[in-house]
Amino acid sequence: MNEADYLSEEAILEKIGRMPALESFRYRDLQVLLKMSKIRQYAPGELIFKEGSYDGWVYFLLSGRAKIVVNDKELITLDRTGDVFGEMGVVAEKGRSASVYADDETVCLATDVSQIDNLTEDNRFVFRYLIFRGFAEILANRLHITTERLIKAEEEIARLKSATA
């Protein structure tokens with residue numbers, strides 16, 4: 001992994017400002033967010049984080065692909081700019097529920113959410129609200145997708161049971 005400290009490049013600010021999870025941030029809020037973040041580059045196959053580990057980092061995909069793996073089984077590959085991963089462990093304050101690997105050359109904005117506590121009181125409130133609101137939207141969408149998959153799986157099981165009865 002290669003890592004760069006705070007980057008103030010306009011291109012990065014513009015790119016992250018268009019991400020769904022961060023689109024409600026004002027420009028100056030994005031600048032503060034970058035101060036709590038690092039740009040991390042990963043080689044194909046490189047581990048980004050391991051299932052069961054814990055830290056306060058959340059990842060926003062800037063480019064490349066990130067493969068989500070649970071118990072050595074690939075669940076999904078994220079490939080859209082702005083895709084977020086690592087948020088569940090931060091929200092639940094538990095160990096990571098999955099491992100994540102770079103599927104090809106991958107660049108992420110890694111944000112240390114624990115740094116929010118170091119902000120001024122007003123900024124701390126705003127950032128917590130904005131970050132966790134974005135996480136809530138992401139998790140609600142994932143729950144919706146999971147529910148649809150569960151319904152389809154249950155329908156398939158019922159169909160197979162009736163076919164063998």
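Me: K67 stands opposite T77 in β6. The model is predicted. What makes β5 and β6 count as paired?

Reply: The bridge count. Pairing needs at least two bridges between two strands. β5, residues 66-70, and β6 have 5, so they pair. The sense is antiparallel.

Me: What lies between β5 and β6 in their hairpin?

Reply: A turn with 2 residues between the strands. N71 sits in that turn and has a positive phi of about 50°.

Me: How do you know that β5 pairs with β8?

Reply: Use the cut-off again: at least two bridges. β5 and β8 (residues 99-102) share 4, in the antiparallel sense.

Me: Why is T111 called buried?

Reply: Buried means under 20% relative accessible area. T111 has 1%, so it counts as buried. T111 lies in strand β9, residues 106-112.

Me: What makes the pair T111 and S37 a polar contact?

Reply: The distance is one part of the test: an N or O pair must lie within 3.5 Å. The side chains of T111 and S37 make their polar contact at 2.8 Å. That value falls within the cut-off, so the distance test is passed.

Me: Which residues does T111 touch, leaving out those up to four places away in sequence?

Reply: L33, M36, S37, G56, W57, V58 and F60. Two of these, L33 and F60, are among the residues with the most contacts inside the largest nonpolar core.

Me: What makes a set of residues a nonpolar core, and how many does the largest one have?

Reply: Members must be buried, of a nonpolar type such as Leu, Ile or Phe, and joined through side-chain atoms within 4.5 Å. The largest core has 23 residues. I16, L22, L30, L62 and L109 are also among those with the most contacts inside it. Elements giving two or more residues are α1 (10-17), α2 (27-35), β4 (57-63) and β9. α2 gives the most, with 4.

Me: Which residues does the second core include?

Reply: Y42, A66, A102 and A110 are included. This core is separate and has 15 residues.

Terms used:
Residues numbered from 1 in each chain as written. Predicted model: local features only at pLDDT ≥ 70, side-chain atom pairs only at ≥ 80, totals over all residues. Heavy atoms only, no water. Buried < 20%, exposed > 50% of the residue type's maximum accessible area, 1.4 Å probe, protein only. Polar contact = N/O pair within 3.5 Å; in protein donor to acceptor, adjacent residues only side chain to side chain. Contact = heavy atoms within 4.5 Å.
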